[in-house]
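Biologist: Could we go through this model together? I would like to begin with the charged side chains.

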Amino acid sequence: MVLGLLGLGAAGVAAGPYLQRAQEAVVGKDPTGLTGLLPGGGGFRYYSVVASVPTRGEDTYTLTVDGLVERPGRYRLADLRAMPQRRIVRDVQCVTGWRVPDTPFEGVPLAHLLDTAGVTAGARAVRFSCFDGEYTESLTLEQARRDDVLVALKLQDAPISHSHGGPVRLYVAPMYFYKSAKWLSGITVTDTVRPGYWEELGYDTDAWVGRSNGRDDAPTA
C-alpha cells in the first residue's frame, strides 16, 4: 500500500535538461506542491511529503549538528564547502522502481562531521531532520560512518537545486533513495535508531538496495 502511494507521487520519466530547468522554475513558485508530481530530467522524479517547502540559500541555510556529541555545531554553506569533499558516482535506485545510472554526488563525508562534533559514549545512531518541517530519517552510527554516505552539496557536478533537495541533502549511496533525505537541516546523534518518515509507514529501516523492501534490484554499491 505504501509503495503504491509513493508511486503516485513519482509519475513520469526523463524529459531532458530544458524541461528540467523549466520545471524547477515552476516548482519553486508552486505553493500547492502539485508540480512535485511531474517527471524530472535525468530520470529523477520529484515529490515531497508536504505541500510547500521553503527555499534556503547562502544567507539563510544552516545545518545543525547536536545530540550525543561533545561539540555541537551550526554550519553555513560556506563552512560546509570549506570541509573535505568527496565525489561518488553510483546508480540511484528508488524503492518505487526507477533508477538513474552513474549519478555523481559530491559533499562532506558524514563521518567527518561526526568526528568534528565528537560522538560521545552511548551513541548508537544518527537522526536527520529537514527544513520542510516533516521529513526525517535515521541511520545506525556504523552506517553513518561509511565512506559512501555524504552531506551532499552537488549533484551531477552542479549545486543541488531546491527541487532536488538543495542546497544540502543527505546521500546514502548503498540504500534506496528515500534514505537520502532532501532539504537537510539537522543531524542529531542518538542512543537508538528512530524510524524515519517512511519507516513509520512500513518501509524498511535498513534499506540496502536489493536486500530490503521485498525488492531484488541490483546493488548500487
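Biologist: What is the relative accessible area of Asp-115?

Modeller: Asp-115 has a relative accessible area of 47% and is partly exposed, the class between buried (under 20%) and exposed (over 50%), computed with a 1.4 Å probe on protein chains only. This is a predicted model, in which local features need pLDDT of at least 70 and side-chain atom pairs pLDDT 80 or more, while totals for chains, interfaces and linings use all residues. Residues are numbered from 1 along each chain as its sequence is written, and side-chain values use heavy atoms, without hydrogens or water.

Biologist: Which side chain does Asp-115 meet in a salt bridge?

Modeller: Its partner is Arg-145, at 2.6 Å from N to O; a salt bridge here is a side-chain nitrogen of Lys or Arg within 4 Å of a carboxyl oxygen of Asp or Glu. The two residues are 30 apart and link distant parts of the chain, with Asp-115 in helix α4 (residues 110-117) and Arg-145 in the loop between α5 (141-144) and β7. Helices (H or I, at least four residues) and strands (E, at least two) are DSSP runs numbered from the N terminus. Arg-145 is also partly exposed, at 35%.

Biologist: How many salt bridges does the structure hold?

Modeller: There are ten. One of them joins Asp-148 to Arg-146, with the closest N and O atoms 2.8 Å apart. Asp-148 is buried at 3% relative accessible area, whereas Arg-146 is partly exposed at 31%.

Biologist: And Glu-199, which residue does it pair with?

Modeller: Glu-199 pairs with Lys-179, the closest N and O atoms lying 2.9 Å apart. Lys-179 is in the loop between β9 (169-172) and β10 (184-190), and Glu-199 is in the segment after β10, so this pair ties together parts 20 residues apart in sequence. Glu-199 is buried at 9% relative accessibility, and Lys-179 is buried at 1%.

Biologist: Changing topic: what is the volume of the largest cavity?

Modeller: About 260 Å³, and the count is one cavity of 30 Å³ or more. On a 1 Å grid over the protein atoms alone, a cavity is a set of points where a 1.4 Å probe fits but cannot get out, a pocket is an open set with protein on both sides within 12 Å along at least five of seven lines, and lining residues have an atom within 4 Å of a point. The largest cavity is lined by 19 residues, with Tyr-47, Arg-169, Phe-177, Ser-180 and Lys-182 nearest its centre. Eleven of the lining residues are nonpolar, four polar and four charged.

Biologist: Which elements each supply at least two residues to the lining of the second largest pocket?

Modeller: They are α3 (77-81) and β7 (149-155). That pocket has a volume of about 170 Å³, and its lining includes Leu-77, Arg-81, Leu-153 and Lys-154.

Biologist: One more residue: where does Asp-66 lie?

Modeller: Asp-66 lies in strand β1 (residues 63-67) and is partly exposed at 29%. Beyond residues up to four places away in sequence, Asp-66 touches Pro-72, Ile-187, Thr-188 and Val-189, where contact means heavy atoms within 4.5 Å.

Biologist: How far apart are Asp-66 and Thr-190 in space?

Modeller: They are 9.1 Å apart, C-alpha to C-alpha, although 124 residues separate them in sequence.

Definitions and conventions. Points joined across faces, edges and corners; volume = space filled by probe spheres on them. Nonpolar A, V, L, I, M, F, W, Y, C, P; charged D, E, K, R; others polar.
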